[in-house]
Amino acid sequence: DLTRVRYRDSAPKRVFHSAMLEKLARIPGVHRAAASSYAPMGGGLDGVMGNFIVDGPTPLPKGYSVDKVLLSPGYFATLGIRVLHGRDFAGSDDGSAPAVVIVSETVARRIWPGSDAVGKRISMSDHPGPSDLLTVVGVVNDVVQDRSLGKHSTVYMPYLQGSMPWLLGSMTYVVRADAEVDVAPAMRVALRDLDATLPARQLQTMDDAMLEVVAEPLFQTRLLTVFSVLALLLAAIGTYGVLAYDVAERTREIALRLALGATPAAVTLMVLRRTARFALWGAVIGIAASLALTRALTTSLFEVTPNDPATLAIVVAAILLVALAAGYLPARRASHVGVLTALQE
């Protein structure tokens, strides 16, 4: 965080960031260094969120807002964020060059569906003039950026063209280095060499940052998984018990059918049809109940809907298999009992 006393305007802040990035890039073992006004996997938005103006006839959806983030060139490569179309920011994208932006995939798809976003123009001003238009030069894939684990619509701007002092005042530096090299001490030295009065607010690996974010939902997921497996086992055992009892109660009927000429295969098929009918009705009722109740799981899910079709299909298939086994095994035993013995019993 740059103090407002020594770094009041945008120009000295940009100079500081450029010098810091040069020092970080020269650390032994560091392959890439970059900076962002939005801390990756941070606790909240360090930049700003708001709307923007689209040049041309394309209307902006009402209430649509995006994260507005300042970046240095090479940020996407440093964090492994893919550039899907166009290009990354370059060192030449400074105050003397035409203003440019890069948008996330969600923004491109939402604002310009079916067309290439590269070359389109937007503005951050409410009443933009020709000099306020920013040209889209690239589209990057969506990023899980904060502790909500949600993918945000984002507009990225080069920090060398940033004119907002307050946004330039707080930057997060990221480096990609060899795994066996501890670059943390050298990063602190680089900061101290530039300005000994500035402390590093936080220094950690991306793995640690991600672990902090996912620790609680991961615990909840494991706990829910244990209870879900137990619930599935109880449901399977209960289904088997009820249907096996139903078949056992029909032993006399099965014996009479066999005595009247029915084959064991026909009797087994009859029992399975009855069992499948019960199980399918149960599946219908269960799916209806799950569609109503699983919304409570929304906060614990990541990139999957509460009513995920694959999950519902797997659970229903498991219960149906258990139900058919519950009908088949007792029916098979009953159909292979001697007719005379069955009638005597």
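**Entry 1: ground rules.** The model is predicted, so I kept in mind that local features need pLDDT of at least 70 and side-chain atom pairs count only at pLDDT 80 or more, while totals for chains, interfaces and linings use all residues. Residues are numbered from 1 along each chain as its sequence is written, and side-chain values use heavy atoms, with hydrogens and water left out.

**Entry 2: the cores.** I looked up the nonpolar core (buried Ala, Val, Leu, Ile, Met, Phe, Trp, Tyr and Cys residues joined through side-chain atoms within 4.5 Å). Buried means under 20% relative accessible area, with a 1.4 Å probe and protein chains only. The largest core holds 39 residues, and F16, L24 and F52 have the most contacts inside it. Helix α1 (residues 10-25) gives the largest share of this core, four residues. Helices are DSSP runs of H or I with at least four residues, strands are runs of E with at least two, and both are numbered from the N terminus. I also found a second, separate core of 15 residues, with L71 and Y156 among them.

**Entry 3: F52.** Which residues is F52 in contact with, leaving aside neighbours within four places in sequence? I noted L60, Y64, V66, V107, I111, I122, S123, M124 and V155. Contact here means heavy atoms within 4.5 Å.

**Entry 4: strand β6.** Five of the five residues in β6 (residues 100-104) are buried. V100, I102 and S104 point one way, and V101 and V103 the other. Strands pair if DSSP finds at least two bridges between them. Five bridges join β6 to the parallel strand β8 (residues 134-140), where V101 stands opposite V136. Two bridges join β6 to β9 (residues 154-158), which runs antiparallel, and there V103 has V155 as its bridge partner.

Notes. Buried < 20%, exposed > 50% of the residue type's maximum accessible area, 1.4 Å probe, protein only.
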